[in-house]
Amino acid sequence: MHISVLVGWLLLMFFLTQVPKKESFDLGFGVVGFLYFFAYLGGMESCCCDLQVDVNGEETFMVDKKIISSFSGRLSKLFAKSRSTVNNFKVIFHDFPGGGENFELVSRFCYNNGIIEINPSNIALLNCAAHFMEMNDSVSRRNNLLEQTEKSLEQISYWSWSELLVALKQCQDLLPAVKSSGILQKCLDSLIGRVALASGSEASPYPSNSSPDSSGCRVSCDTRSTESLKNSYSRVTWWFEDLLVLNPNLIEMVVKSMISRKYDHAIISRFLFYYQKSKFVTATSNEKQKITESIVDLLCFLDQSSVSCKSLFGILRVVLSLNIGKGCRNKLESMIGSQMDQATLDNLLVPSPHGCNYLYDVNLVLRFLKAFLSKGNSKISLICLRRVSSLMDLYIAEVAPDPSLRPSKFIALTSALPGTARESYDEIYRAMDMYLEVHAGLSEEEKTKICCTLNYDKLSYESCIHLAQNTKFPSKTAVQALISQQSKLKSLLQETNQSRSFTDSPCSTSSNGRKGEKDDSQEQTVLYAGKLDVSADNQKLRAHLKGMQWRVMELEKACQKMQTQMAKMMKSKTTSHSNAISLPKLCS
């Protein structure tokens with residue numbers, strides 16, 4: 001019997017030294033299963049397999065307590081504290097990194113007297129297990145697993161790009177244990193260093209399937225200019241596809257490390273949009289939600305000028321179909337609002353949420369405007385403000401025909417921007433005209449509130465005349481528009497009269513005796529602008545308005561005559577001054 005057990009142990013040791021790490025076992029129960037099998041055959045189950053290990057409730061292993069504890073400080077301390085005389089022990093691990101697969105690797109290391117092949121595909125597993133089991137120099141100074149993995153990690157600069165990705169992919173399955181061990185940060189540092197090097201002026205020394213250097217092609221002189229542009233683009237994006245194997249948690253760490261290293265924010269944002277779009281192809285609804293929230297959080301760390309407004313709207317339309325948290329939506333809306341001057345009308349025409357009667361989500365656009373103005377008027381350039389006002393004029397004209405749009409929302413849209421944002425209010429007037437036509441049942445008070453957002457001083461003459469004849473608008477509004485127009489013309493007349501008084505001075509007369517002559521265009525035009533009785537009925541008021549309109553037209557004609565007269569007098573003054581200078585020469 002003893003001979004059979006000895007033969008079994010010899011076969012096992014031979015098996016441990018000959019079977020490669022990546023080779024799977026046909027019997028399906030692994031190295032530790034062989035230990036249990038041979039111990040059972042030899043009838044020495046209580047002696048050689050006296051420790052039962054439950055790994056995360058997944059698998060249970062029968063191992064030799066003495067062999068395992070000789071390399072593990074955690075188990076040796078546990079057994080040293082125990083005063084039980086029972087030979088058989090059971091240990092339960094709830095959070096063993098890597099599960100049963102990794103515990104089998106650790107057992108192989110222990111039964112092989114501290115020797116195991118360490119490579120990029122298992123270094124993260126073994127390093128985390130070494131930290132968890134306290135397999136350090138306090139137990140075994142020569143063959144401790146922690147020291148071996150750390151020495152192997154020192155060779156990370158010699159790993160290929162694909163080997164580095166394999167190690168990182170394994171790290172993401174070992175979170176958070178791998179984060180505290182330090183191996184994850186070293187892999188991240190190596191990855192970002194290689195990306196930065198390959199994105200610079202030098203070619204990447206780490207080829208991959210998507211790397212621009214992996215093709216081995218050489219361009220001719222004729223196509224060098226075109227190919228250089230393509231290579232310039234591919235040099236900074238070649239790593240995008242390779243990083244799709246990483247989950248959102250690890251992508252977050254990669255991006256934050258890039259930001260801390262001052263990596264180009266425009267490239268980072270382009271990668272994040274690429275990652276989101278690519279992962280959505282096969283992702284479930286819950287996975288899409290997690291990816292979107294992670295991408296939005298990371299975009300907030302970037303310089304907003306490097307983030308594409310169009311791509312942000314693309315994410316927004318995805319968000320509308322997902323159960324995204326309110327915090328994530330607020331961040332996304334704030335980023336979009338800060339770039340409102342880059343948006344288009346199609347971007348803003350977002351359908352209203354379920355349960356709302358109106359066609360488009362007006363509240364969403366109002367939140368965009370609030371975020372845009374939150375920077376303060378002093379920090380917003382006039383050019384950006386004018387762009388947003390033009391965009392809003394188009395949007396208001398688009399939503400005005402909606403019969404379900406409440407007056408309060410329409411007023412909020414027309415009054416959202418400061419008065420300095422618009423050079424002209426003609427577009428707002430047209431939108432109001434359309435809105436009042438669709439909402440003909442509004443009361444006079446509601447119509448007056450809507451018209452209060454009009455700036456009559458910034459209405460053109462044609463719009464004022466149209467408003468005066470527009471029966472859809474309140475009568476008081478029409479009067480205010482014409483009074484404002486008349487006030488502008490009177491102000492222009494005063495400026496013209498001041499110019500005339502300057503040109504009528506003695507020095508402006510000619511020397512040929514034409515002081516008493518008067519041009520036919522110098523006739524005075526007297527206009528009467530009587531005070532309108534606003535309290536009269538509408539028919540009388542309309543008659544007054546028509547009369548006022550005629551007087552405004554006469555006032556414009558008079559203004560044009562005065563401007564023509566002033567130009568002639570300035571020309572006469574120049575001719576007279578020239579003749580006065582030439583007289584002394586004639587006298588001599």
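**Exercise 1. How are H9 and H11 oriented to each other: oblique, roughly parallel, roughly antiparallel or roughly perpendicular?**

First, the ground rules. This is a predicted model in which local features need pLDDT of at least 70, side-chain atom pairs count only at pLDDT 80 or more, and totals for chains, interfaces and linings use all residues. Residues are numbered from 1 along each chain as its sequence is written, and side-chain values use heavy atoms, with hydrogens and water left out.

Step 1. Locate the helices. H9 spans residues 161–172 and H11 spans residues 183–198. Helices (H or I, at least four residues) and strands (E, at least two) are DSSP runs, numbered from the N terminus.

Step 2. Take the angle. H9 and H11 pack at about 140°, with their axes 10 Å apart. Axes are lines fitted to C-alpha atoms, for helices over the stretch in contact, and angles run from 0 to 180 degrees between N-to-C directions.

Step 3. Classify. Angles under 35 degrees count as roughly parallel, over 145 as roughly antiparallel, 65 to 115 as roughly perpendicular and the rest as oblique. H9 and H11 are therefore oblique to each other.

Step 4. Find the contact (heavy atoms within 4.5 Å). H9 contributes Trp-161, Leu-164, Leu-165, Ala-167, Leu-168 and Cys-171. From H11 come Leu-184, Cys-187, Leu-188, Ser-190, Leu-191, Arg-194 and Val-195.

**Exercise 2. Classify the packing of H19 and H21.**

Step 1. H19 covers residues 362–373 and H21 covers residues 407–414.

Step 2. Their angle is about 25°, and their axes are 11 Å apart. H19 and H21 are therefore roughly parallel to each other.

Step 3. In H19, Val-362, Asn-363 and Leu-366 meet Lys-409, Ala-412 and Leu-413 of H21.

**Exercise 3. Count the disulfides, and explain the case of Cys-452.**

Step 1. Apply the rule: a disulfide is a pair of cysteine sulfur atoms within 2.5 Å. The count comes to zero.

Step 2. Check Cys-452. Its closest cysteine sulfur, in Cys-451, is 7.4 Å away, so the gap is too far for a bond.

Step 3. Compare accessibility. Buried means under 20% relative accessible area, exposed over 50%, partly exposed in between (1.4 Å probe, protein chains only). Cys-452 has 59% and counts as exposed. Cys-464 has 0% and is buried.

**Exercise 4. Which residues touch the most other members of the largest nonpolar core?**

Step 1. Define the core: a set of buried Ala, Val, Leu, Ile, Met, Phe, Trp, Tyr and Cys residues joined through side-chain atoms within 4.5 Å.

Step 2. The largest core holds 138 residues, and Trp-239, Leu-243, Leu-272, Leu-299, Met-392 and Leu-454 touch the most other members. Helix H7 (residues 123–133) gives the largest share of this core, nine residues.

Step 3. Look around Trp-239. Beyond four places in sequence, its contacts are Trp-161, Val-195, Ser-199, Met-258, Tyr-263, Ile-267 and Phe-271.

**Exercise 5. Describe the setting of Phe-109.**

Step 1. Phe-109 sits in helix H6 (residues 99–111). At 0% relative accessibility, Phe-109 counts as buried.
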